[in-house]
Amino acid sequence: MSKNIAIFASGSGSNAERIVEYFSDSTEINVKLFLCNNPQAGVIQRAERLNIPLVMFNRQQFKSGKVVDILKENEIDWVILAGFLWLVPQNVVEAFPNKIINIHPALLPKFGGKGMYGHFVHEAVVENKETESGITIHLVNEHYDEGAIIFQASYPVLPTDLPEDVAKKGQVLEHKHFPEVIEKAILG
């Protein structure tokens with residue numbers, strides 16, 4: 001029986017689209033739903049183009065359990081956070097124990113925590129004159145970026161790199177590894 005995944009995204013949705021493409025022919029993993037908390041997010045247009053149902057929600061619905069109800073109604077087995085910026089409330093973590101996976105654009109524990117996402121991470125990497133950065137794929141608990149690490153991959157950061165260069169290098173690794181790591185985590 002195939003496993004249903006729901007992808008949460010707050011931004012452009014490039015990772016969400018890559019995951020859909022990766023599993024498009026899978027008989028074992030099905031991307032059933034996108035959930036979004038940002039009415040201006042690019043992922044909304046991607047969901048339409050990819051024919052994936054999309055549910056918009058607000059903070060109150062997230063905390064109240066309405067989002068858990070939606071996930072259960074859609075028979076979701078795993079939750080994937082792909083550029084999703086809100087802290088996952090305890091009710092969602094408890095409903096999906098060790099079945100929520102996030103991707104972070106740095107080598108945790110460096111450059112993690114509240115407010116550390118997207119360009120903020122890449123700017124911090126450059127400001128701190130790091131010689132490498134990377135991606136971390138981890139399980140989610142009720143704290144920002146503290147769940148058990150499943151996978152990390154790194155790339156060199158050159159002294160001449162701007163935050164945009166760091167972001168591009170990271171996105172290449174995200175698109176390459178995130179779907180594969182999801183597959184391994186779900187199928188064992």
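These legends describe close-up views of a predicted model.

View 1. The UniProt record, an unreviewed entry, places the feature "domain: Formyl transferase N-terminal" at residues 3-182.

**View 2. The largest nonpolar core and its surroundings.** This core has 38 residues. Those with the most contacts inside the core are Ile5, Ile7, Ile19, Val31, Phe34, Ile80 and Phe178. Helix H7 (residues 163-187) gives the most to this core, with six residues. A second, separate core holds 21 residues, including Leu35, Phe57, Leu71 and Ile100.

**View 3. Contacts of Phe34.** Neighbours within four places in sequence are left aside here.

**View 4. Glu17 and its two arginine partners.** Side chains of opposite charge can pair when their charged atoms come close. Glu17 and Arg46 meet in a salt bridge through their side chains, at 2.6 Å from N to O. Glu17 sits in helix H1 (residues 14-22) and Arg46 in helix H2 (residues 43-50), so this pair ties together parts that are 29 residues apart in sequence. Arg49 also forms a salt bridge with Glu17, with the closest N and O atoms 3.0 Å apart. Arg49 lies in helix H2 and Glu17 in helix H1, so the pair ties together parts 32 residues apart in sequence. Glu17 counts as buried because its relative accessibility is 11%, under the 20% cut-off. Arg49 counts as exposed, at 54% relative accessibility. Shared partners join Glu17, Arg46 and Arg49 into one network.

**View 5. The Glu130 and Lys110 pair.** The structure holds four salt bridges. One of them links Glu130 with Lys110, the closest N and O atoms being 2.8 Å apart. Glu130 lies in the loop between H6 and strand E6 (132-139). Lys110 lies in the loop between strand E5 (100-104) and H6. The pair therefore ties together parts that are 20 residues apart in sequence. Glu130 is buried, with a relative accessible area of 16%. Lys110 counts as partly exposed, at 45% relative accessibility.

View 6. Leu85, Tyr117 and Phe120 make a nonpolar surface patch of about 250 Å². Phe120 belongs to helix H6 (residues 118-127). Phe120 is partly exposed, with a relative accessible area of 35%.

Methods
Residues numbered from 1 in each chain as written. Predicted model: local features only at pLDDT ≥ 70, side-chain atom pairs only at ≥ 80, totals over all residues. Heavy atoms only, no water. UniProt positions renumbered as here; feature names shortened; annotations may be inferred. Patch = residues over 30% accessible without salt bridge, like charges linked within 9 Å, V, L, I, M, F, W, Y side chains within 5 Å. Areas by Shrake-Rupley, 256 points an atom, 1.4 Å probe, with all protein chains shown as cover. Helix = DSSP H or I, 4+ residues; strand = E, 2+ residues; numbered from the N terminus. Buried < 20%, exposed > 50% of the residue type's maximum accessible area, 1.4 Å probe, protein only. Core = buried A, V, L, I, M, F, W, Y, C linked by side-chain atoms within 4.5 Å. Contact = heavy atoms within 4.5 Å.
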